[in-house]
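Have a look at the structure first, then read on.

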Amino acid sequence: MKSDPARPELTREEALELYYYMRLNRSLDELLVRLFRQNKIVGGLYGSLGQEATSIGTAYALGKGDWIAPLIRNVGSVLVRGYKPRDIMTQYMARVTSPTHGKDGTCHFGDLRVHHVVSPISMLGDLIPVMTGVAMAGRYLGQKIVAMTWIGDGGTSTGAFHEGMNLAAVQRAPLVVVLENNQWAYSTPVNRQAPLRDFADRARAYGIASYSVDGNDLVAVLRIAREAVEHARQGDGPVLIEAKTMRMLGHAQHDPAEYVPREMFEYWKARDPLTRFEKYLDQHKLCNEKEKSAIHARIERELAADLEFAENSAFPPPELAEEGVYCEGCHTIEAEWRRSKEALMPPESSVKPEWTIKNFGGMETEAAVVADRPHQHHQEDQQDSVVEPAIAHPPQTDRKRKISAPAPRRARR
Amino acid sequence: MATVTYLDAIRQALLEEMDRDPAVLLMGEDIGVYGGAFKATAGLLERFGWERVIDTPISETAIVGAAVGMSYLGLRPVAEMQFIDFIACAFNQITNFVAKSHYRWGAPVPIVIRGPAGGGVHGSAFHSANPEMYFVHTPGLKVVYPATAYDAKGLLKSAIRDNNPVLFFEHKFLYRRIKEELPEGDYTVPIGQAMVRRPGRDLTIVTYAAMVHASLEAAQQLAREGIEVEVVDLRTLLPLDRNTIIESVRRTNKLLVVHEDTRTGGIAGEIAALVTESALDDLDGPIRRVTSLDTPVPFSPPLEEHFLPNAARIAEAARDLARY
């Protein structure tokens, strides 16, 4: 799907909202750096500078009932899901008012009821199977939700990534995985993770749809993310989106990133996602100076109020360390059913416990011939595989829909 | 009342919980069409369908991870490890993701991870292990290891209904070797409660799983010699029922801990520390332990028999301690 450059893809309302999030993400990051330098942050500070469009454009494509699991740099994604700057600040400042009450820091928080955000852990890759489970449970309950999570170029080297992607693929789970290729895993460049030009190619191994997109082009990211979310929601299986972007700071504040060639920073600075989105807004006259100033003023006001809240918040009482290891009646576990439970109970649920085997796997079969030719093995091969009722909900009429992976767009100067 | 094996008790618990609550579903390798490597899930696919009995790829991390994600939406998945040795493949997911979820951000993880554990069946180093202590050392998990068919059924039901992640160890040596009459209808056995299997005044044996039976056999032998042994079956290893252990030691004044797990870092060490902290003055002798050797589980029958504790070794240690 190509966009018409003459016509904006965004409504005015969307454009203004997206600008608010982009600017807020950037300003919050800058504020956190100041707080770090003032020694007000406990532990490390992990920036999202340069990656805002990827976080915001992808999360913005989701609906209200959908679920996300961010990584540490996806501040923009959690803001889009309704968390406030004070939540990030109090997390980084280890205050009792933080979403985890000081039990954890950074973007390591979540909420099952309102925001539908699953907290990340530091071990990369683990979120992929977890969000596969979220997606499968949503389908099981008849909710028609999509689960989205993010992974870095480095995170795709883990076994958990592979196991999760593969399970999602065989289950045709409504999962969108955003692979943020920010060129660096701590100090290790991307070509030491995998010898791939496009990390989207990893999707081929799972027989699922994929895209590569310019991760610093907010409008392109949103367009692709919306398409991917729709694909997943329709029951056509998981999607991998590679967003090419750049981590514009070190791994964390302590890291001056001297291992990154200066020219590389300059290359990407010329492609700054916020500047580019501002240009887009100007070009399409989606936001005048007055509106921009109003957004800036709103952000300044909100950040000041939230900072005051955070700084006036107490540290947690020491005894809190002892609490909450187990759920001892503090939670009621209840699923939100949007389908009849009868279909899941006998006698309606009864099946003949037999596999349906369509081809016998020898070299002379068509599937094997295709598999024998590397690089011509596309997702439609999967259409021949067994699709049981369990993974075909909702029922599909046309399984041949194919999404080709557009070549990564060259950034405009 | 019908006579039911330990294995069938597990299958019954799964079936009855799935009948009771559509939020309960199963995931694992070869559990559906095949009915599981030990047939613990036989007939469940036929009864509950593809959505509730899910055959997965060989991906223990993904099985556990997906179970976690499902539980966040209010489901109660039961994940099978084909052999509990393979739980090591999901170690990170369990110790870092599952165990810390409720503590860090208040998200309960009502899942059960169950599978066949233990030796005595010549399964060699990768199909015989007792890896429970990795997880007993992990706050946030519950670890259950029943010794009888009654407990297996009642504890598995409790595990499924628990709001916390429960690792449910099943001793494969017991699967088809022990059977008992189970009551008709629904019953549960509470997690976290040990049980005195046999009362005695001369010394206490604290044990669990298959070693409960070896210890009872030893106790019978010793009774003929005039030594009355009290046998405490832990049933749950985490949280540990400290009171039952301490109360028993206060009655008998001597403690022998028996486990099939290897010696160093086994739960005997923890129990010894607990008893010396809380009941040192009640002890009339050293705390002793009978355990497996500190080696991997060897394959050849004479080697494995040498590796494992048995009733004779337990009786010998108990006799020594009684005489102390």
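## Helix packing and the chain contact

Start with chain B, where helix H3 (residues 60-72) and helix H4 (residues 91-105) pack at an angle of about 15°, their axes 9 Å apart. Here axes are lines fitted to C-alpha atoms, for helices over the stretch in contact, and angles run from 0 to 180 degrees between N-to-C directions. Helices are DSSP runs (H or I, at least four residues), numbered from the N terminus.

H3(B) passes H4(B) in a right-handed crossing, meaning that the near helix is turned clockwise from the far one by less than a right angle. On the H3(B) side the contact is made by B:Thr61, B:Val64, B:Gly65 and B:Val68, and on the H4(B) side by B:Gln93, B:Ile94, B:Phe97 and B:Val98. Contact means C-beta atoms, placed from the backbone, within 7 Å. These residues split into five nonpolar, three polar and no charged. For the classes, Ala, Val, Leu, Ile, Met, Phe, Trp, Tyr, Cys and Pro count as nonpolar, Asp, Glu, Lys and Arg as charged, and the others, Gly among them, as polar.

A word on provenance: this is a predicted model, so local features need pLDDT of at least 70 and side-chain atom pairs count only at pLDDT 80 or more, while totals for chains, interfaces and linings use all residues. Residues are numbered from 1 along each chain as its sequence is written, with chains lettered from A and ligands numbered from 1 in the order in which they are written.

| Helix pair | Angle | Axis distance |
|---|---|---|
| H3(B), H4(B) | about 15° | 9 Å |
| H1(B), H6(B) | about 30° | 8 Å |

That makes H1(B) roughly parallel to H6(B), and their crossing is right-handed. Among the residues that meet are B:Tyr6 and B:Glu17 in H1(B), and B:Lys153 and B:Ile160 in H6(B). By class, this contact has eight nonpolar, one polar and three charged residues.

Which chains meet, then? The contact takes 44 residues from chain B and 53 from chain A. On chain B's side, H3(B) gives the largest share, nine residues.

Technical notes
Helices (H or I, at least four residues) and strands (E, at least two) are DSSP runs, numbered from the N terminus. Two residues are in contact if their C-beta atoms, placed from the backbone, lie within 7 Å. Angles under 35 degrees count as roughly parallel, over 145 as roughly antiparallel, 65 to 115 as roughly perpendicular and the rest as oblique.
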